Amino acid sequence: VEVGLEAVRPGWMWAGSRWTGLWVPKVRNRRQEERDATFRQVQAAWPLEAAVEVMQTDPGMAGSWYEGEVLEHEYPDKLVIKYLELHDLEAEEAGPQELGKTRGETHFEAPGLVQQTSKTRMVTPEPVKHVRPRPPPVEDGWDASLRLGDAVDLRFDGGWWEMELVRLEEAAGGAPRRYTIKSVHFDVQHCVTAGQLRPPHAWSAEGAAGGAWVLRAPPQVHMLDGVPRV
């Protein structure tokens, strides 16, 4: 049936003591407004291609941070990260990987550390609360003030792992100092030079803007006031 515009009206319906209809704009509830505001904050704080580090939450990777870049924003509070050193695995996990054998030291396997067999960089959404900017560059001589029990980060398997300093070895003849460090999450230790370490950075805010870098306190997992725990 064809009629003129004057012969039609909106399809009103009386419900809940008010008129409703498809033309009535939906009222955004407070929860939705909060989610929208969170998403805008995420977009502003973490621009695309921003260089970041992401805290790993899998049990076998606890205490590690891996570098990546922001690829996309995922509503309302996630970032799609393209990792630099984490890859999609082409096969089943081959089992744990040793941290290496150095100078006759005893080393244990950290569960969950696996060989990366694929060269395809991993792309995955991550909660923004697990993301931080890249730490500042390491300054020359930063390790001169290290003391037993201090927290440090170890470069291993493409990421940075939280460790505790348990022994210092001063080398003669201009050789570099060697540090024996133990993981604060796994039963594993390693002996390295300063080139494999960095200061124990921590980010004081859940965002790229308005935060500040601080240093983690001594973990006191293996050492207490510079003395091994018994």
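How many residues lie between β4 and β5 in the hairpin that they form? In this predicted model, the hairpin of β4 and β5 has three residues between its strands. Strand β4 covers residues 64–74 and strand β5 covers residues 78–87. The two strands pair in the antiparallel sense, and six bridges are found over the pairing. One of the bridged positions is Glu-69, whose partner in β5 is Lys-82.

Strand β5 also pairs with strand β8, which spans residues 121–127. This pairing is antiparallel as well and has six bridges. Lys-78 has Pro-127 as its bridge partner in β8.

The largest nonpolar core of the model has 29 residues. The members that touch the most other members are Trp-46, Val-52, Leu-79, Ile-181 and Leu-197. At least two residues of this core come from each of α1, β3 (51–55), β4, β5, β10 (151–156), β11 (159–169) and β12 (178–183). The largest share is that of β5, which supplies four residues. In soluble globular proteins, nonpolar side chains tend to be buried together.

Ala-37 belongs to helix α1, which runs over residues 30–45. Ala-37 counts as partly exposed because its relative accessibility is 23%, and the cut-off for a buried residue is under 20%. Ala-37 and Pro-76 are 39 residues apart in sequence, and their C-alpha atoms are 8.6 Å apart in space.

His-222 is located in the loop between β16 (213–215) and β17 (223–224). With a relative accessible area of 22%, His-222 is likewise partly exposed. Residues up to four places away in sequence being left out, His-222 touches Glu-164, Val-166, Lys-182, Ser-183, Val-184, Val-227, Pro-228 and Arg-229. The C-alpha atoms of His-222 and Ile-181 are separated by 9.7 Å, and the two residues are 41 residues apart along the chain.

Methods: Residues are numbered from 1 along each chain as its sequence is written. This is a predicted model: local features need pLDDT of at least 70, side-chain atom pairs count only at pLDDT 80 or more; totals for chains, interfaces and linings use all residues. Side-chain values use heavy atoms; hydrogens and water are left out. Buried means under 20% relative accessible area, exposed over 50%, partly exposed in between (1.4 Å probe, protein chains only). Two strands pair if DSSP finds at least two bridges between them. Contact means heavy atoms within 4.5 Å. A nonpolar core is a set of buried Ala, Val, Leu, Ile, Met, Phe, Trp, Tyr and Cys residues joined through side-chain atoms within 4.5 Å.
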